[in-house]
Amino acid sequence: MGCWIGPLSLYMAKKGAIVYSIDPDPEAYNWFIRNLNHNTELKSRIHPRNIAISKHSGEQILYAREGYGNSSTSLLNRTRDRISKIRAQTYSLNDFLDMNSISKIDFLKIDIEGGEFAILDQLVELKRKETYRTLFLSIHYDHLNEAVYQKKIRYRLLSLFLMKLERIANIHFFKKELQFYLNELCKLTDEFDYIYSQNGKRLLPAKVTASYLLNRKVDLLLSDTEWNKNKITKT
């Protein structure tokens, strides 16, 4: 989810996986198809979908900073977004899995620029059903914060000033709203036996709290299996 122009999809397919590659951004998706066409031996393993996964099936506006294709488009309406020309077809994660007859997932990767906060309940539900056991999750606190500002403050320049002040003074004007989402995220991390940061360091579940995630752009690997790079067999 959030395949962009396809680097991870191509890598996984090269390793032998069957890959479902999802991205609603039309520019990124077109480049992905071009890259896929240059790797014809992998095309039978990759199923590209120009859609978005969200809370409900339907349509939503796809927002962008200066233009589509730059890997920062989002279903969240954020203060610094300037473009909202495209409506993306959306599916709930449950609907997408049903449509594609997917009952088990070996590895789930989510990097959707803040859209992850809309599907946390679905991820918890599917994890409890053991639909997947390993998740790579890119958490976009900054996009969530911008979306809250967009709802709370009418004037863009004032929002930009206050967000800059937050970064400098390490304060949070809408901490209550942010912590609600971060607490929901912690419910998901609690479902896994092992948690690793983006540098491969194992994190204790007790450390991954809403306070820890506040004001952090972080990637987490969540799994029921211990990951040890020294035990990985190269193929």
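Two strands count as paired if DSSP finds at least two bridges between them. Helices (H or I, at least four residues) and strands (E, at least two) are DSSP runs, numbered from the N terminus. The structure is a predicted model, in which local features need pLDDT of at least 70, side-chain atom pairs count only at pLDDT 80 or more, and totals for chains, interfaces and linings use all residues. Residues are numbered from 1 along each chain as its sequence is written, and side-chain values use heavy atoms, with hydrogens and water left out.

Pairing shows up in an open sheet of 5 strands, with the order β6-β7-β10-β8-β9 and mixed pairing. Strands β6 (108-110) and β9 (202-203) sit at the edges with a single partner strand each, so one side of each has no neighbour in the sheet. Strand β8 (residues 194-197) is joined to β9 by 2 bridges, and the two run antiparallel. Here Y196 stands opposite R202 in β9.

Elsewhere, β1 and β2 pair up in the parallel sense, over 4 bridges, with S21 opposite P48 in β2. Together with α2, these two strands make a right-handed β-α-β unit. Right-handed means that, with the strands pointing away from the viewer, the path from the first strand over the helix to the second runs clockwise.

Now for α2 itself. The arc is taken from the directions from the helix axis to the C-beta atoms. An α-helix has 3.6 residues a turn, so residues three or four places apart point the same way. At the start of α2, the backbone nitrogen of E27 has a side-chain oxygen of D25 within 3.0 Å.

The buried residues of α7 are L178, L182, L185, C186, L188 and T189. Down the axis of α7 they fall within an arc of 145°, so they line one face of the helix. Their packing partners are α4 (120-128), β7 (134-140), α5 (141-152), β8, α8 (210-213) and β10 (217-223).

Helix α3 (residues 93-99) includes L93, which is buried at a relative accessible area of 4%. Leaving aside neighbours within four places in sequence, L93 touches M1, I53, S54, Q122, L123 and L126. L93 and A52 are 41 residues apart in sequence, with their C-alpha atoms 9.3 Å apart in space.

Most residues other than glycine have a negative phi. E113, in the loop between β6 and α4, has a positive phi of about 55° although it is not a glycine. E113 counts as buried, at 10% relative accessibility. N215, in the loop between α8 and β10, also has a positive phi, near 70°. At 39% relative accessibility, N215 counts as partly exposed.

Technical notes. A polar contact is a pair of N or O atoms within 3.5 Å; within protein, one must be able to donate a hydrogen and the other to accept it, and residues adjacent in sequence count only if both atoms are side-chain atoms. Buried means under 20% relative accessible area, exposed over 50%, partly exposed in between (1.4 Å probe, protein chains only). Contact means heavy atoms within 4.5 Å.
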